Amino acid sequence: MNLPVMSPAYLPQLQEFERKILANQTKIEAWFRRQWSEHKPPFYGSVDIRNAGYKMASIDMNLFPGGFNNLNPNFIQLAAHAAQDAVERSCPQAKSVLIVPENHTRNTFYLQNVFALSNILRSAGFEVRLGSLNPEITEPTEFETALGEKILLEPLLRTRGRVHLSDGFSPCLILLNNDLSGGTPDILKDIAQTVLPPLHGGWTTRRKTAHFAAYDEVAEEFAQLIDIDPWHINPYFEQISGLDFQEREGEDALAEAVERMLAKIQAKYNEKGIQDTPFVIVKADAGTYGMGVMSVKSAEEIRGLNRKNRNKMAKIKEGLEVNEVIVQEGIYTYETLNDAVSEPVVYMIDRFVVGGFFRVHEGRGTDENLNATGMSFVQLNQAIPVAGAEDGNEERCKRVFAQWDSLGVPQTNSANPDCECNRLYVYGVMARLSLLAASKELEKTT
């Protein structure tokens with residue numbers, strides 16, 4: 001496998017940014033420690049990051065991450081230690097965890113994710129069982145995952161304010177791996193057990209614009225900490241509501257928002273001497289799985305949407321209608337793997353970085369959404385050089401996470417920005433900024 005490659009045209013700007021992060025590593029880690037003493041992190045999360053060289057930022061934060069099957073199984077213990085910490089923060093005496101997954105029983109790759117997540121928690125010393133909300137699951141039913149593993153889904157029941165399984169299994173912690181796009185089920189409302197992430201973190205009530213409003217605060221404070229322009233780590237955004245794509249209601253308001261955003265980006269590009277063409281991403285303000293997303297470079301593209309694209313934007317997961325969107329500054333991705341555009345996705349449990357992967361798409365461009373059919377995944381730690389390794393050094397292809405501590409920080413003190421281990425440290429910093437924003441977001445929407 002080839003190593004990730006940054007476009008030479010944008011490598012100098014990226015190296016300058018990385019040097020700034022690495023030079024302030026001690027200050028950054030002390031800052032994060034203070035933040036986590038004041039704000040409880042979500043149980044887990046995954047963050048999509050775009051890297052244009054001159055700008056690197058989180059563009060999405062998933063509080064109910066799938067994809068644990070795409071992480072390196074060699075580092076289950078790292079994730080298990082983080083899971084121990086996360087569970088003990090909420091239920092100090094917990095010995096077991098009940099996972100509530102999505103209803104995707106036919107998606108064997110999602111089931112592989114459930115298997116991997118269960119394995120992490122079992123490695124942490126917890127008994128783990130799966131309680132399904134799927135009305136088709138009326139008795140304990142075994143399913144086979146994409147890799148041939150077996151998982152047992154059991155119907156979730158409720159008695160006197162506690163959810164449980166048919167044999168009475170009823171732990172104090174209910175872990176949602178279901179983003180509640182279809183609504184908050186009554187069976188989980190007002191129960192005596194702790195539910196993580198909290199119900200108000202589901203897409204029934206959560207909005208991406210609320211997350212990025214919290215991220216604005218985090219990015220501003222972090223930028224002051226290390227003396228950078230916050231724009232370098234923070235995409236502009238705006239919310240537009242009252243939309244009906246099929247009936248073309250709100251089309252003019254959306255087009256005007258796109259026009260404003262493009263002008264704002266262009267002004268910043270002019271200030272920074274950036275020659276790229278501005279673009280924006282229009283996506284559903286609630287939802288996941290890369291649905292209801294389009295890349296736009298002019299307001300006229302909004303006014304000229306054909307029926308096919310209007311239908312694509314009109315509904316997302318669970319068939320929910322899209323009435324609100326986030327108009328977000330587009331960030332080019334100039335890092336490639338095997339000549340295909342890619343973006344890093346970083347996974348965290350509690351406040352710990354536990355791994356990640358590159359989302360790679362051979363059929364998409366540098367300005368397009370990569371979370372789409374045809375994407376593939378490459379573990380971040382496959383054949384990546386260690387911190388401080390020089391060209392030709394026999395240590396160059398050691399796996400990178402072996403060099404990280406539990407916070408994702410390189411244990412060596414190399415400040416070489418060309419070192420991929422240090423680039424992954426920078427990605428970990430960006431991801432934790434988004435995780436901190438999610439903490440503040442959840443506090444404000446309790």
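**Note on the predicted model: helices, sheets and cores**

1. Helix α1 covers residues 11–23, and at 1.5 Å a residue its 13 residues should span 18 Å, which agrees with the 18 Å between its end C-alpha atoms. The expected span is taken as 1.5 Å times one less than the number of residues in the helix. Helices here are DSSP runs (H or I, at least four residues), as are strands (E, at least two), both numbered from the N terminus.

2. This is a predicted model, in which local features need pLDDT of at least 70 and side-chain atom pairs count only at pLDDT 80 or more, whereas totals for chains, interfaces and linings use all residues. Residues are numbered from 1 along each chain as its sequence is written, and side-chain values use heavy atoms, with hydrogens and water left out.

3. The buried residues of α1 are Leu14, Gln15, Phe17, Glu18, Ile21 and Leu22, where buried means under 20% relative accessible area, exposed over 50% and partly exposed in between (1.4 Å probe, protein chains only). Seen down the axis of α1, these buried residues fall within an arc of 165 degrees, so they line one face of the helix; the arc is that of the directions from the helix axis to the C-beta atoms. Glu16 and Ala23, on the other side of α1, are exposed.

4. A second open sheet, of four strands, has the order β12-β15-β13-β14 with antiparallel pairing. The edge strands are β12 and β14 (293–296), each of which pairs on one side only, and neighbouring strands are turned by 20 degrees against each other on average, direction ignored. Helix α5 (residues 208–226) lies across β12, β13 and β15, running at about 150 degrees to β12.

5. In strand β15 (residues 325–329), five of the five residues are buried: Val325, Val327 and Glu329 point one way, while Ile326 and Gln328 point the other way. Four bridges join β15 to the antiparallel strand β12 (residues 237–240), where Phe237 stands opposite Gln328. Five bridges join β15 to β13 (residues 280–284), again antiparallel, and Ala284 has Val325 as its bridge partner.

6. The largest nonpolar core holds 99 residues, of which Ile21, Phe222, Phe245, Leu254, Val282, Val327 and Met430 touch the most other members. A nonpolar core is a set of buried Ala, Val, Leu, Ile, Met, Phe, Trp, Tyr and Cys residues joined through side-chain atoms within 4.5 Å. Helix α9 (residues 420–444) supplies the largest share of this core, 13 residues. Apart from this core lies another, of 39 residues, among them Ala79, Leu111, Ile137 and Tyr347.

Key:
Two strands pair if DSSP finds at least two bridges between them. Axes are lines fitted to C-alpha atoms, for helices over the stretch in contact, and angles run from 0 to 180 degrees between N-to-C directions. Contact means heavy atoms within 4.5 Å.
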